[in-house]
Number of protein chains: 2
Amino acid sequence: MRIRIKEVAERAGVSASTVSKVLSGHDVYAVRAETAQRVRQVARDLGYVPDVAARNLRTRRTGQLGVVLEAVGASEPDELLGDPSVSSAVRRTFDGAIMAGLSGAARELGVPALVVYPGGGHALHTFLDGRVDGLLVGCDPLRGHGLLASLAQATLPVVALWTQRVPESVGAVDVDHAGGAALATAHLIGLGHTRIVFYGGGIRSGVEHFARRQEGYARAMASAGLPALAALHDGPSLLHAVREGVSAVVAETDLGAAAAYRALRSAGLRVPDDVSLIGFDDIQGAEYIAGGLSTVYHPAAEMAAEGVQALMRRLSGEAPRQQLIPARLVLRRSTAAPRRATDTS
Amino acid sequence: MRIRIKEVAERAGVSASTVSKVLSGHDVYAVRAETAQRVRQVARDLGYVPDVAARNLRTRRTGQLGVVLEAVGASEPDELLGDPSVSSAVRRTFDGAIMAGLSGAARELGVPALVVYPGGGHALHTFLDGRVDGLLVGCDPLRGHGLLASLAQATLPVVALWTQRVPESVGAVDVDHAGGAALATAHLIGLGHTRIVFYGGGIRSGVEHFARRQEGYARAMASAGLPALAALHDGPSLLHAVREGVSAVVAETDLGAAAAYRALRSAGLRVPDDVSLIGFDDIQGAEYIAGGLSTVYHPAAEMAAEGVQALMRRLSGEAPRQQLIPARLVLRRSTAAPRRATDTS
DNA sequence: CTGTTAGCGCGTTCAG
DNA sequence: CTGAACGCGCTAACAG
């Protein structure tokens, strides 16, 4: 049987409420230093640990943050990313990064515990039973997220991760996909490329992230005064484009870059000698792709950490905000200056 | 203000305890079907959600399982696995796989929530505040885990993951590292190799997993009547061994296999033509290593899922057990039959 | 079959 | 400066 506050009180020769005051840490209660000292000593000797169930009931708070990862354990739609075993490994890396980010931030901020709800498909009321003070919803980037809409009605403070499509009342932290893709595109432009194509489903895929990445590509092209080309999403049309003068490829994802690389290689084209190739995500194994894939680092852990902070701010009364975490270039060996254009000779 | 049980009771014209009986789901309480029906209807209409804090206090249980991942967010000791950014990505894949496994099993078993404790270095009492009914401790495979020793004294049911070195009172689920390495070694033996070396720190590394992997290698060699060679852990000695007739390499990890591959290639040796190479872990990107690395799949998610089940069994009174999850071969293109030995011509 | 009663263990008044 | 009293919302035992 665990030690209760009453036993500590008896052993210290005080009342239970005095023990509570001492251990609460709040200085607002005036307790004689000597008494406080004795209480603390007895509590330590007895190994007293306050019961959170009772405390939560009394204070109507838990200090815990809920985490819903719609993505955890989900498998990717094959058609989007190719080999399902590979893409599920990618998914897991993101999950791990997100957990690491959440966990690190929670520790920093003194959050006692994160309550992770297992799997998807929970009814709204699951989150309203007083188990948590607020909720982080890690959205599935490849699917919709109806949960947010219903949560927006509830009084529980919510911060969404990995999306920017949220109701007014919900905070959001996403990776700056558009900015990252613009960075990648600008890098190629800076190397001297002018005919640059976006490789992937992009806006047509219906996937929010991918659409934003294509928008970032288009934005960077536009601000350099270059024409944004139509997105390509298969090997043959990519090869056709290269034959027509395209010298650089911005792939929607690193896995997409790997696919593009295979297509280029099978046609005898070299990277970066004949075509420059840049990916997005900096997935594990990217250094093995295309002889070392230049890419855009996807700050999943940073996003998650910022999400915890945003939720804590909401809990202390701040209004919901939408934030973007900047991505950054990771340059390896798949991008280089273009060969002199053959059609000028 | 949330709806409370009393309001449901009033609206349904019954007492609070009747509402409790109906909504508890336990059939042991005799409540007239008609009454139960009415209560359920009113509860639904009002959007009543029972308060877990009060329930937990009353029942002295939470249904929640605690999760400590000593590994989450930790960075690898560089000297063990090479490039820190790469090995931390590997770590995150495992974290993600473990979370996916935990999450999936929790959903299957009806566990309402997993309580993830952020970061390492928690004092023992952190876990004894009644927040959870039992604890899963995911051990850091590259470090020790003193936490288990102290938890063994406590009354909280504990199941350790990713280790076999646990006190009597603690359950354990680990990947069968030895069995997996034996599988890999037997595969090479089956192809006709006889001079096979283990590449990695192995027993000398002090890392439990790696020691077991080397033991598995040695076991497989012994049962084929072949001599187990001393483990090698750097490029030059590997090349020396190959020149002396070694035709196949069992690498401790996939990252180790990547390093071995680089050493072999830089000496002009081809894989698998000149030397067969097999790894361990099946990390993301393994299909890009050594032209497609044959390896051993590391069932992290399966291990985690089994851990949840093991903990649930403990909660229902079963004695702690130690379990192993079998690994399995993933054959790609880095292993092949040896060339005919040059020294026989 | 249903209602009444009595806490679960703690934090927070308010007297003294 | 300290302690007594109260109740957070629910469920288990018992009485009717």
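Q: In β4(A), which residue is the bridge partner of L135(A)?
A: The bridge partner of L135(A) in β4(A) is V158(A). Strands here are DSSP runs of E of at least two residues, and helices are runs of H or I of at least four, numbered from the N terminus. This is a predicted model, where local features need pLDDT of at least 70, side-chain atom pairs count only at pLDDT 80 or more, and totals for chains, interfaces and linings use all residues. Residues are numbered from 1 along each chain as its sequence is written, while chains are lettered from A and ligands numbered from 1 in the order in which they are written.

Q: How many bridges join β3(A) and β4(A)?
A: Four bridges join β3(A) to β4 (residues 158-161) of chain A, in the parallel sense. Two strands pair if DSSP finds at least two bridges between them.

Q: And how many join β1(A) to β3(A)?
A: Five bridges link β1 (residues 65-69) of chain A to β3(A), and these strands also run parallel. L69(A) has G138(A) in β3(A) as its bridge partner.

Q: Is β3(A) mostly covered or uncovered?
A: Strand β3 (residues 134-138) of chain A is mostly covered, with five of its five residues buried (20 or more other C-beta atoms within 10 Å of the residue's own, with C-beta atoms placed from the backbone). One side holds G134(A), L136(A) and G138(A), and the other holds L135(A) and V137(A).

Q: Changing topic, in what order do the strands of the open sheet with β7(A) come?
A: The order is β6-β7-β8 in chain A, and the pairing is parallel. The edge strands, each pairing on one side only, are β6 (196-199) and β8 (276-278) of chain A. Three bridges connect β7 (residues 248-251) of chain A with β8(A), and A248(A) stands opposite S276(A) in β8(A).

Q: What does V308(A) touch?
A: Leaving out residues up to four places away in sequence, V308(A) touches L65(A), L102(A), A105(A), A106(A), L109(A), V111(A) and L136(A). Contact requires C-beta atoms, placed from the backbone, within 7 Å.

Q: How many residues surround DNA strand C?
A: There are 24 residues around DNA strand C, and the closest are I5(A), S17(A), A54(A), V14(B) and S17(B). A residue counts as near if its C-beta atom, placed from the backbone, lies within 6 Å of the strand. Two or more residues each come from α2 (16-24) and α4 (52-59) of chain A and from α2 (16-24) and α4 (52-59) of chain B. The largest share, five residues, comes from α4(A).

Notes. Contact = placed C-beta atoms within 7 Å. Buried ≥ 20, exposed ≤ 12 C-beta atoms within 10 Å, placed from the backbone.
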